[in-house]
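Please open the structure in your viewer and keep the selection panel at hand.

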Amino acid sequence: EGILGWPGPKSHSTEQLKNGALSSLSSASANITWAIVPSAAQDGQALQPNTEHSASELILVEDEITDTEDNEEEDLGVMDDQRSVILHLISQLKLGMDLTRVVLPTFILEKRSLLEMYANFMAHPDLFLSIAAGATPEERIICFVEYYLTAFHEGRKGAVAKKPYNPIIGETFHCSWDVPKDKVKAFRTNGASALSKDPTKESGQDQSTCYKLRFVAEQVSHHPPVSCFYCECKEKKMCVNAHVWTKSKFMGMSIGVSMVGEGVLYLMEHEEEYVFTLPSAYARSILTIPWVELGGKVNINCARTGYSATVTFHTKPFYGGKVHRVTAEVKHNPTNTIVCKAQGEWNGTLEFTYSNGETKVIDTNKLPVIRKKIRPIAKQGPLESRHLWQHVTSSLKEGNIDAATEHKHRLEERQRAEERQRVALATPWKPKYFAKEGDGWLYLNPLWKT
């Protein structure tokens, strides 16, 4: 049980490995592809296939250690020389233009991949697991809304408008969380857990007192750019499967990113499925001190129970008004009753009012963050996010923008070369963990199938 076997091609024969075939790239032409990519000496590590890791399909949970990256981003305004780069870029853009294929300057990059950003939406896994602890359908959807509203402040670190790396096709990200069982509480009592912040209990958790929550994300398509992620807790019989296609467009002094797609939360014990969507994000005042806000209306629906929720992320009006405001209401559709309302800021204080008159306040800044566990880069395969982007990340940390740009350019060139080759050989890309179904993508071995 200690070994987490993500489904995928089982181990290849040693004969194949000796011949340098790459099991982690599902295209038959993997080894040719890698051979035609120019690899610089010091970057050879990242560009050469690491057969030893890519051959092994098992992600060993015991290799995972608590993540120490703080992911804090400096809250700086744009420097003058950077402003001229942005001005030059803006001068070539038209309003409403799709930015998917526009290469943005490296200095606005955040030091993590978009796939890892999706993992950070799970930074309060105790609230996530509490959804299944709700005694009634009403409690469960209210718990989902509470979790959903608190998920964004950690996923969107700080107010700085920086952009995570665009994942390259085939890139994956794995991590897990150990969630103390005493933090996962039924709905009416979990107000208390929001207040207790005991750092001594954070690390060194005894496995038997914790639930294990596992996460895998994969970039399954490049045009359009589609990311998928899947998260499961076997003990709580719950999992979530999502696919998101990001579309960015230029809006003058801001850039809008819409998240097209949806996720489904499955609660197997209750035979309930909750379908949810994601808000758009806007990078504002890109010439001075860029900041991010979320906007738009999202829906959460459970067809089986007849409950639904609407969450509205309000963008700041031009004059006055507060930033980061969010309102929500949970409704029982058959009777048309509103059972819960919420309002506040998604990165500040949220206040919930229930139909029985009770209220509850959650301060997202005081919620204890449970750190994810991730394998060290040395134990990661060549296409895992941190391994793949390690040189860009370390260059950004050193403030060496030129080196970061060079490493990033190399990864993008490699992706283009591989894409051209797939077109030439007429072999479409085959993802490792997800398969296309209808308009969406599904994890190959989800809990409800096992």
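What follows is a short tour of a predicted model.

If you display its accessible surface, you are looking at about 20300 Å², of which 55% belongs to carbon and sulfur atoms.

Next, select residues 434–437, which make up strand β20, together with β21, with which β20 pairs in the antiparallel sense over 4 bridges. Glu-437 stands opposite Gly-440 in β21, and the two strands form a hairpin with 2 residues between them, where Gly-438 in the turn has a positive phi of about 60 degrees.

Now move to the charged side chains, among which 18 salt bridges are counted. Select Lys-322 and Glu-345, whose closest N and O atoms are 3.7 Å apart; this pair links distant parts of the chain, with Lys-322 in the loop between β14 and β15 and Glu-345 in strand β16. Lys-322 is exposed, with a relative accessible area of 55%.

Then select Glu-384 and Arg-375, a salt bridge with closest N and O atoms 2.6 Å apart. Glu-384 is buried at a relative accessible area of 7%, and Arg-375 is buried at 6%.

Finish in helix α12, residues 401–425, where Arg-410 and Glu-406 are separated by about one helical turn and form a salt bridge at 2.9 Å between the closest N and O atoms. Arg-410 counts as buried, whereas Glu-406 is partly exposed.

Terms used:
Residues are numbered from 1 along each chain as its sequence is written. This is a predicted model: local features need pLDDT of at least 70, side-chain atom pairs count only at pLDDT 80 or more; totals for chains, interfaces and linings use all residues. Side-chain values use heavy atoms; hydrogens and water are left out. Accessible areas come from the Shrake-Rupley method with a 1.4 Å probe; for residues, only the protein chains shown count as cover. Two strands pair if DSSP finds at least two bridges between them. A salt bridge is a side-chain nitrogen of Lys or Arg within 4 Å of a carboxyl oxygen of Asp or Glu. Buried means under 20% relative accessible area, exposed over 50%, partly exposed in between (1.4 Å probe, protein chains only).
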